[in-house]
Amino acid sequence: MDTKELLKKVRKIEIKTRRLSDHVFGGEYHSTFKGRGMTFSEVRAYQFGDDVRSIDWNVTARYNEPFVKVFEEERELTMMLMVDISGSEMFGTQEQFKKDVITEIAATLAFSATNNNDKIGLMLFTDRIELYIPPKKGRSHVLRIIRELLEFKPEGKKTDIAGALKYLSNVMKKKAIVFLLSDFMADDYQHTLKIVAGKHDVTGIRVYDRMEESIPNLGLVQMLDEESGEYVNVNTGSKSVRRAYSKYYQERLDYFQQSFSLSGAGIINNRTDESYVKKLLGYFKRRA
């Protein structure tokens, strides 16, 4: 992708996702993810209904009338976007690949955090950590994140969610809002997830395609395994083959649901032909 084309794509995603974060998610994001606490802002004259415990007795004594302390929420938070860029994300039978939907969701979340003056970081992973961008503030930083999501070429093809979570645990010492975006066609991450979710506010966003749920009867078909890079001949006319695939898919889905539920982490399931706007908004409202 040349620079001109990349900038055009970045701009297109910025216009779409920034509009969403400004008009749809701004207030929802703020009310869903609370700040670290309350910080003193000012004093003002006591008004009927104010909590007497907030009276500033020193100022009250000085002016011989009651004044109360006003506190504001300490808003600054850190959002970490953990994005699976393994081979299986380059699949899609609808209008977009899973990777395209994940990029838009990540960009929308990043702009929502920026609107609230929060820091945003990015981790791209496969079966290894491909890229880590430390959390920072600002539009230019978010645009860099979008550029990386669009053009980064991974070395790995497979998926290691547990390894990515361990890395996060090592680099993020303070509590963060963590969005883990993947198709979650992996296992052996439940224990690590439970540890990480005990410290951070974790949400798993599973992006999947309609055609992944089951294999249709199309006879003998040559298929490409995106994570191994190998072509295999699959007899989709065989009931046992279709049954085995459905079992494998359902086991990965059950493992995802169970792992996140047991760890107390949030879950969003989004199919590539569904509106991620509705899914995110519904999730924020339920949490708030």
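A residue is called buried here when its relative accessible area is under 20%, and by that criterion buried residues make up 47% of the 288 residues in the protein chain. The model is a predicted one, and its protein chain has eight helices and 10 strands. Among contacts between residues at least 6 apart in sequence, 75% join residues at least 24 apart.

**Helices α3 and α4**

- Helix α3, covering residues 98-115, packs against helix α4, covering residues 139-151, at an angle of about 170°, and the two axes lie 10 Å apart. Because an angle over 145 degrees counts as roughly antiparallel, α3 is described as roughly antiparallel to α4.
- On the α3 side the contact is formed by K99, T103, A106, A107, A110, F111 and T114, which meet R139, V142, L143, I146, L149 and L150 of α4. Sorted by class, this contact of α3 with α4 has nine nonpolar, two polar and two charged residues.
- Within α4, the buried residues are H141, V142, L143, I145, I146, E148, L149 and L150, and among them V142, L143, I146, L149 and L150 also take part in the contact with α3.
- An α-helix has 3.6 residues a turn, so residues three or four places apart point the same way.
- The length of α4 agrees with expectation, because its 13 residues should span 18 Å at 1.5 Å a residue and its end C-alpha atoms are 18 Å apart.

**E104, a buried charged residue in α3**

- E104 has its place in helix α3, and with a relative accessibility of 9% it counts as buried; glutamate belongs to the charged class.
- Leaving aside neighbours within four places in sequence, E104 is in contact with K16, T17, Q96 and Y276.

**Helices α6 and α7**

- The axes of helix α6, residues 190-199, and helix α7, residues 239-263, come within 9 Å and cross at roughly 30°. Since angles under 35 degrees count as roughly parallel, α6 and α7 are therefore roughly parallel to each other, and α6 passes α7 in a right-handed crossing.
- From α6, the residues Q190, L193, K194 and A197 meet Y255, Q258, S259, F260, L262 and S263 of α7. By class, this contact of α6 with α7 has five nonpolar, four polar and one charged residues.

**T78 in strand β3**

- T78 is placed in strand β3, which covers residues 78-84, and it counts as buried because its relative accessibility is 17%.
- When residues up to four places away in sequence are not counted, T78 touches K119, P135, M172, A176 and I177.

**Loop residues with positive phi**

- N64 lies in the loop between α2 (57-63) and β2 (67-74), and its phi is near 60°, a positive value in a residue other than glycine. At 73% relative accessibility, N64 counts as exposed.
- D188 is found in the loop between β6 (177-182) and α6, and although D188 is not a glycine, it has a positive phi of about 60°. With a relative accessible area of 63%, D188 is exposed.

How values were computed
Residues numbered from 1 in each chain as written. Predicted model: local features only at pLDDT ≥ 70, side-chain atom pairs only at ≥ 80, totals over all residues. Heavy atoms only, no water. Axes fitted to C-alpha atoms, helices over the stretch in contact; angles between N-to-C directions. Helix = DSSP H or I, 4+ residues; strand = E, 2+ residues; numbered from the N terminus. Parallel < 35°, antiparallel > 145°, perpendicular 65-115°, else oblique. Contact = heavy atoms within 4.5 Å. Expected span 1.5 Å × (residues − 1). Buried < 20%, exposed > 50% of the residue type's maximum accessible area, 1.4 Å probe, protein only. Left-handed = near helix turned anticlockwise from the far one by under 90°.
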